[in-house]
Amino acid sequence: MTSAVYPPNNLPGYEGIGAGGGGYLPPPMPLEPVAPPQPGTTPEEWSIPSLSEDVARDAFKSFASSHCCYSKAPATDGVITNMEPFNTFRYRLETFTESRSTEWASKPHEGEPVDFYTQPAPRPWEVQATPPNFFTDHKEEIRVPYTSSIQDCNMCRASGALPCDECHGSGDKDCRACNGAGMSDTGNCHHCNGTGKEKCKVCNGRRTKKCPTCKGKRQLLTFIKVKVEWVNHVEDHVVEQNSGLKIKDLRLVSGKELIKNNQYLRQRVELIPITKVNYKWKGDTHVYYVYGKENQVSADNYPATCCCVVQ
């Protein structure tokens, strides 16, 4: 049984919409040509200063400290023997899109005015929405003006209540002390006075519970809602570098911005600093990488780890 019966729908722009939704709707054609993206500024300097040993060592110490199962000894006592830059370029394309879909919806009627057909309803792409900042994911659901009507709640047949699930509408349950027998070893059960029943604690003996669909209001406000979703689609291309650092590690760091232009798509070219650091600890040679403007560290084969047990 459905909780609401939606009115016949011949609203322009919403034809064919059902309880399950009307699917995604293509946006209207722009009234004016879209202006081409404006080129960004070009930096005078296309290089990045080399990383110093002190900065590389401090980044390694911070990395070791952030792992509870890592000894700090390699980062503190290790001796840097060689540092080699492998700076690389990243082209990032961000495409910012907005999509809209429609569906019937309902909520308990709490005195809201009914406006169905009082004026022509705005079409889906005419409904006012508040967009987020560009290139930020966001979702919004909006009630379409002039589509609201009142319907009796089908779930409870407009009574506002349903039989209690716990006691199946009887208002009582078998006594938990005597399991419904009404008797104990010494005579009548004192907990239920020999009736074998006790009041249902869920409905307090009322036999019913408030209808979860209409919240006891007996009626529903039905309306069309527009679901608006803004999504930032990101595609990266990183120039291959032979340092040994995994490309996926570079996704969450930033580099020196060389070229940038914006509109509904954003293009950026960044120079990402990568330094391969060789160091010795206890007579063995090891490697770690410092990368990004944030000086993130990757050390897959850290030489002093232990097994942590969380109690």
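These entries record what I looked up in a predicted model of one protein chain.

**Entry 1. Overall make-up**

I began with the secondary structure and found two helices and 17 strands in the protein chain. I then turned to burial: of the 311 residues, 35% count as buried. For the surface, I noted that the chain exposes about 19,100 Å², of which carbon and sulfur atoms supply 51%. Among contacts with a separation of 6 or more, I found that 78% are between residues 24 or more positions apart.

**Entry 2. Helix H1**

I checked the length of helix H1, residues 53-65, against expectation. Its 13 residues should span 18 Å at 1.5 Å a residue, and the end C-alpha atoms are 18 Å apart, so the two agree. I next listed the buried residues of H1, which are Ala56, Ala59, Phe60, Phe63 and Ala64. Seen down the axis of H1, these buried residues fall within an arc of 135°, so they line one face of the helix.

**Entry 3. Aromatic pairs around Tyr302**

For Phe60 and Tyr302, the ring centres are 5.7 Å apart and the planes stand at 70°, so I recorded the pair as edge-to-face. Phe60 lies in helix H1 and Tyr302 in the segment after S17, so this pair ties together parts that are 242 residues apart in sequence. Both Phe60 and Tyr302 are buried.

I then took Tyr70 and Tyr302, whose ring centres are 4.5 Å apart with planes at 10°, so this pair is stacked. Tyr70 lies in the loop between H1 and H2, and Tyr302 in the segment after S17, so the pair ties together parts 232 residues apart in sequence. Tyr302, at 7%, counts as buried.

Finally, I traced the cluster that ring pairs form: Phe60, Phe63, Tyr70, Tyr279, Tyr288 and Tyr302 are linked in it.

**Entry 4. Charges over rings**

I noted Arg143 over the face of Phe223, at 4.8 Å from the ring centre. I also noted the charged end of Arg266 over the ring of Phe135, 4.1 Å from its centre.

Definitions and conventions
Residues are numbered from 1 along each chain as its sequence is written. This is a predicted model: local features need pLDDT of at least 70, side-chain atom pairs count only at pLDDT 80 or more; totals for chains, interfaces and linings use all residues. Side-chain values use heavy atoms; hydrogens and water are left out. Helices (H or I, at least four residues) and strands (E, at least two) are DSSP runs, numbered from the N terminus. Buried means under 20% relative accessible area, exposed over 50%, partly exposed in between (1.4 Å probe, protein chains only). Contact means heavy atoms within 4.5 Å. Accessible areas come from the Shrake-Rupley method with a 1.4 Å probe; for residues, only the protein chains shown count as cover. The expected span of a helix is 1.5 Å times one less than its number of residues. The arc is that of the directions from the helix axis to the C-beta atoms. Rings of Phe, Tyr and Trp (its six-membered ring) pair if their centres lie within 6.5 Å; planes under 30 degrees apart count as stacked, over 60 as edge-to-face and the rest as tilted. A charge sits over a ring if NZ of Lys or CZ of Arg is within 6 Å of the ring centre and within 35 degrees of the ring normal.
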